[in-house]
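Here is a friendly walk through a protein chain for someone meeting it for the first time. Have a look at the picture, then read on.

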Amino acid sequence: MTLAASRPLRPVVVATTGLPPRQQFEAWRSLSVPYLDTATPPRPAEAGFEATGRALAFGPFMFYGANLPAYDYSRTPTRIRRDSLDHRIIAICRRGLQRQRSGEVEIAMRPGEAKQFCSHTQNQR
């Protein structure tokens with residue numbers, strides 16, 4: 001296939017905008033449950049949880065970005081053993097504080113910081 005014959009990339013977009021505020025967090029959680037363990041948001045359900053995620057597939061690779069309110073999530077050792085999902089993550093914090101937990105390893109980032117880690121083997125840099 002030549003470059004001229006390739007199709008344009010089209011992102012997959014998921015969003016909670018447009019749902020009633022009380023349903024927004026559960027809708028977001030239902031999207032992430034196959035991969036993450038999520039806790040309840042640190043705010044009442046009436047406040048809503050407007051979140052948007054965009055993904056672009058590049059063969060076996062994926063680029064993903066999300067804009068969402070603060071909430072806690074992790075990949076517990078039990079989840080890692082159960083699903084065996086093995087992927088490398090390069091994360092860049094754009095605003096606020098971003099914390100990610102995989103197994104027993106927690107990574108914290110501030111705006112402008114970037115980290116690379118493996119979600120399955122728990123290696124990080």
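What follows is a short tour, from the overall layout to a few local details.

## Ground rules

This is a predicted model, where local features need pLDDT of at least 70 and side-chain atom pairs count only at pLDDT 80 or more, while totals for chains, interfaces and linings use all residues. Residues are numbered from 1 along each chain as its sequence is written, and side-chain values use heavy atoms, with hydrogens and water left out.

## The overall layout

The protein chain has 2 helices and 9 strands. These are DSSP runs numbered from the N terminus: helices are H or I with at least four residues, strands are E with at least two. Reading from the N terminus, the order is β-α-β-β-β-β-α-β-β-β-β.

Of the 125 residues in the protein chain, 26% are buried. Here, buried means under 20% relative accessible area, exposed means over 50%, and partly exposed is in between, using a 1.4 Å probe and protein chains only. The chain exposes about 8800 Å², with carbon and sulfur atoms supplying 56% of that; such areas come from the Shrake-Rupley method with a 1.4 Å probe, and for residues only the protein chains shown count as cover. As for contacts (heavy atoms within 4.5 Å), take those between residues at least 6 apart in sequence: 51% join residues at least 24 apart.

Which residues of helix α1 are buried? In this helix, residues 21-32, they are Gln24, Phe25, Trp28, Arg29 and Ser32. They sit on the same side of α1 because they cover an arc of only 125 degrees around the axis, the arc being that of the directions from the helix axis to the C-beta atoms. Their cover includes β1, β2 (37-38), β3 (52-58) and β4 (61-67). The face turned away from the buried side carries the exposed residues Arg22 and Ser30.

## Charged pairs

A search of the whole structure turns up 2 salt bridges, a salt bridge being a side-chain nitrogen of Lys or Arg within 4 Å of a carboxyl oxygen of Asp or Glu. One joins Glu46 and Arg22, with the closest N and O atoms 2.1 Å apart. Glu46 lies in the loop between β2 and β3 and Arg22 in helix α1, so the pair ties together parts that are 24 residues apart in sequence. Both Glu46 and Arg22 are exposed.

Glu26 and Arg29 also meet in a salt bridge, at 3.2 Å from N to O. These two are 3 residues apart in helix α1, separated by about one helical turn. Glu26 is partly exposed at 45% relative accessibility, whereas Arg29 is buried at 18%.

## An aromatic pair

The structure holds 1 aromatic pair. Rings of Phe, Tyr and Trp (its six-membered ring) pair if their centres lie within 6.5 Å; planes under 30 degrees apart count as stacked, over 60 as edge-to-face and the rest as tilted. Phe25 is buried at 8% relative accessibility, and Phe49 is buried at 0%.

## Around Ser74

Ser74 belongs to strand β5 (residues 73-74) and is buried, with a relative accessible area of 12%. Leaving out residues up to four places away in sequence, Ser74 touches Leu36, Asp37 and Arg101.
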